[in-house]
Each structure stands twice: as structure tokens, then as C-alpha cells.
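The sequence and structure come next, and the text then goes through selected parts.

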Amino acid sequence: MVRHTSNIAAAVALLLLAGAPAHAQQPAVRPQAVVELFTSQGCSSCPAADALFTELAKDPKLITLTLPVTYWDYLGWKDTLGQEVFSKRQKLYAKARGDGQIYTPQAVVNGAAHIVGSDKGGIDKLVQEQGKSGFTVKVDLSEADGALRVALGQAPFASEKPAVVWLLQVSRTATVPIERGENTGKTVTYANVVRGISRIGEWNGQAATLSVPLETVRSAAKADSYVVLVQADLYARQSAILGAARGPAK
């Protein structure tokens, strides 16, 4: 059964960093869409979505992210990967859309549209719809001289409000045996589990380069890769992802 909740909460404010330009190196295939999965080890309908996302993660046109929430922890099993910041992010999405739809498993495509996270056909359709025009801002990543440099392209139109640049530290895979709750006895493998999320700058529509120390990029325990998102400000009830890039694995 898909699980719902209706609480709305605020997101976390994090650090802003900026720096100098650098030559960027980028994979040949640029992402078409970002697909976020809000899931829980305490949700009996989530393992099917978790399994689907391990398959979707193999598609180079997609950036998939798993964000385990915490609001089902009271059911008898505390999610070992869950973070309150992910629960808050999901609730802010619902507030930005204005539909109040908060449930697990929930997939959110390009920050704009949502669907049950185990519905492959529905996710494929949303990816085509949301990704057909491509991202607004080109994002290139490079590592040099002890820093991650994030090169942001210029918008094809004037930007009314600054967008937020997020760094998400990721574990490419994580396997968890679940000992209690609705999934007692199951062992679940997750793909691209977010271990940390921090605000590293803003984008105002002009070409710019941000710089983040690599020691900061690599500071999250068990993370072995990262993703950078340029996203409209969720606090302003905007949610569209305008640009995205994935970093190299360790």
C-alpha cells in the first residue's frame, strides 16, 4: 500500500561557496532528467520501487537519486539511511506543487511532476514530458587543484529570481537487511543513495563558476560520488530543476 502523510515542513539552510573558472570535463551523454525517489525501509510497497531504481540508475540519460525519509520510523523500524532533510525536501515539493501529495514510494521528475515510484511506465512518460526540451542551464564539472569547479552556462532568457545550486553526496549502492517492521526479513539494495545535501551557491542566469573544496565534496560518510543540481528556490514555492550533472565516482 502506498503510504501518505500531509505534514509540511521547512528545509535546511546550508553553506554558500563560490570561486574561479576552470576547464570542465563532462560525460559524453548529458542527462535528460533527474528522478528522485522518496522511499522508506518501513514501507511495504517501497522495495518494488527500490528495485526499479537500481535498473533506472543504469541509464546514462537519467540522474536517479534515492532519498530515504524518516516519517515512518515510528512503525517499528528506524530507516538506517533516512534523514529528516529528505522528508523536508519532499514536503516542500508538495507545497510548491500545491497538491499536498506526500507518500512513499514517490518519484519526482525534474522537481516538477510526481508519480508512484514503482510505476515504470509512468516514470518513463514523465521523463519524456519533462525532459523533451532539455535543461535550461548547462552544468559542467571538473576537479583541479583540490577543488570542484562547477561551470554554469548562461540562460537563454532573463532570470527573474536566483536559482539554488545544490551539491548532493551519493553512495552508488547500499544494501540493508531489515529486521523489523513491514519489511521484516527483507534485504533491500538501493541505488544512488543521497548521504548529504548542501547549498553551494546561486545562479542568476549569467554564466558563472562556483568552487568547492574537494574535502567538502567528499566529507559525507560512505559517499563515493556526487551530483550537482541547479534548482528554483523551494522556499519560494518553485521547484523545477534547471540543470544537473553527475560527478565521477571515487
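## Surroundings of Leu 242

Setting aside residues up to four places away in sequence, Leu 242 touches Phe 135, Thr 136, Val 137, Ala 163, Trp 203, Val 230, Gln 231 and Ala 232; a contact means heavy atoms within 4.5 Å. The residue lies in strand E13, where helices (H or I, at least four residues) and strands (E, at least two) are DSSP runs numbered from the N terminus. Leu 242 counts as buried, at 19% relative accessibility. Buried means under 20% relative accessible area, exposed over 50%, and partly exposed in between (1.4 Å probe, protein chains only). Ala 163 is 79 residues away from Leu 242 along the chain, and their C-alpha atoms are separated by 8.3 Å.

## Basis and overall figures

The model is predicted: local features need pLDDT of at least 70, side-chain atom pairs count only at pLDDT 80 or more, and totals for chains, interfaces and linings use all residues. Residues are numbered from 1 along each chain as its sequence is written, and side-chain values use heavy atoms, with hydrogens and water left out.

The protein has four helices and 13 strands. Of its 250 residues, 52% are buried. Among contacts with a separation of 6 or more, 73% join residues 24 or more positions apart.

Two of the helices are described here. Their expected span is 1.5 Å times one less than the number of residues.

| Helix | Residues | Number of residues | Span, first to last C-alpha | Expected span |
|---|---|---|---|---|
| H2 | 84–97 | 14 residues | 20 Å | 20 Å |
| H3 | 120–131 | 12 residues | 16 Å | 16 Å |

In H2, 10 of the 14 residues are buried, so this helix is largely enclosed by the rest of the structure. The buried residues include Val 85, Phe 86, Leu 92 and Tyr 93, and also Arg 89 and Lys 91. Gly 98 follows H2 and has a positive phi, near 80 degrees.

Which residues of H3 are buried? They are Gly 122, Ile 123, Leu 126, Val 127 and Gly 131. These residues cover an arc of only 140 degrees around the axis, which puts them on the same side of H3; the arc is that of the directions from the helix axis to the C-beta atoms. Their cover includes helix H1 (46–56) and the strands E2 (33–39), E3 (62–68), E5 (106–109) and E6 (113–116).

## The sheet E7-E8-E11

Strands of a sheet pair through backbone hydrogen bonds, either parallel or antiparallel. Here three strands form an open sheet in the order E7-E8-E11, with antiparallel pairing. Two strands pair if DSSP finds at least two bridges between them. The edge strands, each pairing on one side only, are E7 (139–144) and E11 (208–213). From one strand to the next the twist averages 20 degrees; axes are lines fitted to C-alpha atoms, for helices over the stretch in contact, and angles run from 0 to 180 degrees between N-to-C directions.

E7 and E8 are joined by six bridges, and Asp 140 has Ala 151 in E8 as its bridge partner. The two strands form a hairpin with two residues between them, and Asp 145 in the turn has a positive phi of about 55 degrees. Six bridges also join E8 (147–152) to E11, with Leu 152 opposite Ala 208 in E11.

## Loop residues

The peptide bond from Thr 104 to Pro 105 is cis, with omega near -5 degrees. Pro 105 sits in the loop between strand E4 (102–104) and E5.

Asn 110 is in the loop between E5 and E6. Although Asn 110 is not a glycine, its phi is positive, about 55 degrees. Is Asn 110 buried or exposed? With a relative accessible area of 5%, Asn 110 is buried.

Arg 237, in the loop between strand E12 (225–231) and strand E13 (241–246), is a residue other than glycine with a positive phi, near 60 degrees.

Gly 205 is placed in the loop between strand E10 (187–203) and E11. Its relative accessible area is 3%, and Gly 205 is buried.
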